[in-house]
Amino acid sequence: MGVVTDYLFSLLDKQVEHHGLVVWYDPEKDYAAALQELQTRFAEHGIAYAAYNGSFFALRHTVEPHLLGLEPPRLIVYVPLSQTDTDSALVELECAGVVVQPGQQPPTRNTRLAIVGRNALTEVLGEEMASKIEKQIEQGKLSLADLDAIADKGGEITEGVTTVIFGSGNPQEVALLFLKSDSFDQDLLDKNALPELALLLRSAFGADLPNDGAPSTQRRRFARYILASDLVHHLDGAVPEALQSVPIASNERMRKACAHLARDWRLHLDLRASYAEQAQFIEKELSIEQLDVSLEQTATPDTFLVLERNLQLKVIEALLSREDPKILALAQQRQSHFWAGLRGEVQAEWALIETSGLVLQEASRIERELKAAKLDATHLFQAYVEGEAPWCLLDTHHRHMERRHHELDLSFNNRHQALQKLIARSRSRYMEVVAMLAERFSEAYQRADFQLDNTVRQTEIYDRYVRPIL
């Protein structure tokens, strides 16, 4: 069932719920094509159905059994005529229930196709586009089936000029092409298509763009609206104080549409450069770096580079203050996100943050395990080289940290100062634990008379494993 037909069903269902008996006049037979589908829905909801087929006597005979009970019937009587053409043949039914028909008051009983279509399509296409379609319905240009098709296509419906210019009527595709570059600007001006483009973007994304002005100005305004809405969407709808005066999508549905557009803008390889250029301009224009966003809130958005930088600082601070596997997982995940994929230094910084955190994590784990039990030399050796998480991982992570630190040119800004502090902390913990481990093993090895049980010496490897193969 289409969106408009579904809206009609809900309108009739509410009348049955409140009044029991509904006499439905459809003089233009606007809904005749949907009757079979509607009857199925009526039956599913326990609503009886009867229709006029040329004889009011036959109709009254069909309806009469439903009127014998003490409770009001759940019944819809469909009449494909005007009420005035029935000569009051159904007046008893009308008095026992309510009438729904084109122009009926209150508005909840008005089944005029133009009104039903507009109300159903407003949520899909927006108020302005729905009003435009309402006029086309009144002119007899659109049927119920047409309206359901329009609803299925959503914001793809345009007047045609935009489709000619961009080669598509899909608002997502049009918006991306418009945001990408100025290659369509002259055509928009020559064909006076900016008003239509503004209407399309307003219907699909809720962007309130003026109809006049240069295409470049419209593009910057639209980009700012999309990115601000994307950010607020990923902050669970919370609008930071710094963005209170910035135009953003007014409802969750439109914010999702904006977030979807921003994501596609970032993911398309031929569009990501234009996204980065616009995003870095807009983040300065909106002073995004001043937003007070928590670690939990900043863990999701890819909207602005400055938020990615701020997230790195917050992750570093968290690693310096506590052990949390979720923080390390976050550092690992961000290496595959948009800004890390676009900028090699961002990815390298995340990798260095992760390995520094892994050094801290492994150092603390080994320290706890060393203190938990008095292990002999053999068990200390085995713990270092065997198992799912051998202690030698500490050395591995430390080597990776030092290599990545050597490869990355760290400047003297606040963010890199914090990262240097994390590296220094990781080095210190590494030395502490390695010294503790060396001391424990040396003492235990001496007590074992420098012998390890069930351990292959390096001098035995060739004779035992290599020579037999040769």
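Biologist: At what angle do helix α12 and helix α13 pack, and how far apart are their axes?

Modeller: In this predicted model, α12 (residues 215–234) and α13 (residues 252–267) pack at an angle of about 110 degrees, and their axes are 8 Å apart.

Biologist: Why are α12 and α13 called roughly perpendicular?

Modeller: Angles of 65 to 115 degrees count as roughly perpendicular. The angle here is about 110 degrees, and α12 and α13 are therefore roughly perpendicular to each other.

Biologist: Which residues in α12 meet which residues in α13?

Modeller: Among those in α12 are Phe 222, Tyr 225, Ile 226 and Leu 227, while those in α13 include Leu 261, Ala 262 and Trp 265. The residues of this contact divide into eleven nonpolar, three polar and five charged.

Biologist: Turning to the sheet, what makes β2 and β4 edge strands?

Modeller: The sheet is open and has four strands in the order β2-β3-β1-β4, with parallel pairing. Strands β2 (48–51) and β4 (98–100) each pair on one side only, and they are the edge strands. From one strand to the next, the twist averages 20 degrees.

Biologist: How do you know that β1 and β3 pair?

Modeller: Pairing requires at least two bridges between two strands. Five bridges join β1 (residues 21–25) to β3 (residues 75–79), so the two strands count as paired. Tyr 25 stands opposite Val 79 in β3.

Biologist: Which strands does helix α1 lie across?

Modeller: Helix α1 (residues 3–19) lies across β1, β3 and β4, and runs at about 140 degrees to β1.

Notes:
Residues numbered from 1 in each chain as written. Predicted model: local features only at pLDDT ≥ 70, side-chain atom pairs only at ≥ 80, totals over all residues. Heavy atoms only, no water. Axes fitted to C-alpha atoms, helices over the stretch in contact; angles between N-to-C directions. Parallel < 35°, antiparallel > 145°, perpendicular 65-115°, else oblique. Contact = heavy atoms within 4.5 Å. Nonpolar A, V, L, I, M, F, W, Y, C, P; charged D, E, K, R; others polar.
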